[in-house]
Amino acid sequence: MDRLKRIEEMLKNHPSDSFLLHAKALELIKMNELEQAKSTFINLLTDNPDYLGSYYHVAQLLASMGDKELAEHYFEKGMQIARRQNDNRTYNELKAAYDDLMF
C-alpha cells in the first residue's frame, strides 16, 4: 500500500488529525496533485489555524502555482502565529521565504 493510501486509511479513524492532513497534502504535492494539496492545506489551516508547520508549505505551494497574493497571506499569517507561539526558528524560516517571494 502506498503512503497516500495508508494516510487516507488512518484519516478514516482520525479525520481531523492535523499531522495526517499535513502528510496527505505533502504526498499530494509529490504526486503533482497541486489543487488537491492546496485545498487540503487550506482546510487544515481553517480548522486548526495554530498548526504552524503547514504555513510554509502551503505558501510555497501557492507561490509555485502563481498565486503570490494568497502565498503572501499565508506567510504573513504563519509569521504572526509563530510570534504568538514564541517560535523564533519557524518565524525566521517563514520570514526568509517571504522575503524571497516578495523581493
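**A buried serine and the helices around it**

S54 is buried, with a relative accessible area of 0%, in a model that is predicted. This serine lies in helix α4. Leaving aside residues up to four places away in sequence, S54 touches H22, F41, L44 and L45. One of these partners, L45, turns up again in the nonpolar core, where it is among the residues with the most contacts.

That core is the next thing to look at. The largest nonpolar core holds 29 residues. Besides L45, those with the most contacts inside it are L52, Y55, V58, Y74, F75 and L94. At least two residues of this core come from each of α1 (3–13), α2 (18–30), α3 (34–47), α4, α5 (68–84) and α6. Helix α5 gives the most, with six residues.

Not counting residues up to four places away in sequence, L94 touches L52, Y55, Y56, F75, G78 and M79. Of these, L52, Y55 and F75 are also listed, like L94 itself, among the residues with the most contacts in the core.

The axes of α4 (residues 53–64) and α6 (residues 88–102) come within 10 Å and cross at roughly 10 degrees. Angles under 35 degrees count as roughly parallel, so α4 is roughly parallel to α6.

What about the start of the chain? In α1, the residues L4, I7 and L11 are buried. They cover an arc of only 60 degrees around the axis, and that is why they sit on the same side of α1. The buried residues of α1 pack against α2. Over on the other side of α1, K5, K12 and N13 are exposed.

The loops bring a few asparagines into the picture. N32, in the loop between α2 and α3, has a phi near 65 degrees, which is a positive value in a residue other than glycine. N86 has a positive phi too, of about 55 degrees, although it is not a glycine. This second asparagine is found in the loop between α5 and α6.

Are these two asparagines buried or exposed? N32 counts as exposed, at 57% relative accessibility. N86 is exposed as well, with a relative accessible area of 64%. The cut-off for this label is over 50%, and that is why both asparagines get it.

Another asparagine, N48, is found in the loop between α3 and α4. With a relative accessible area of 26%, N48 is partly exposed. In sequence, N48 and A25 are 23 residues apart; in space, they are 15 Å apart, going from C-alpha to C-alpha.

Terms used: Residues are numbered from 1 along each chain as its sequence is written. This is a predicted model: local features need pLDDT of at least 70, side-chain atom pairs count only at pLDDT 80 or more; totals for chains, interfaces and linings use all residues. Side-chain values use heavy atoms; hydrogens and water are left out. Axes are lines fitted to C-alpha atoms, for helices over the stretch in contact, and angles run from 0 to 180 degrees between N-to-C directions. Helices (H or I, at least four residues) and strands (E, at least two) are DSSP runs, numbered from the N terminus. Angles under 35 degrees count as roughly parallel, over 145 as roughly antiparallel, 65 to 115 as roughly perpendicular and the rest as oblique. A nonpolar core is a set of buried Ala, Val, Leu, Ile, Met, Phe, Trp, Tyr and Cys residues joined through side-chain atoms within 4.5 Å. Buried means under 20% relative accessible area, exposed over 50%, partly exposed in between (1.4 Å probe, protein chains only). Contact means heavy atoms within 4.5 Å. The arc is that of the directions from the helix axis to the C-beta atoms.
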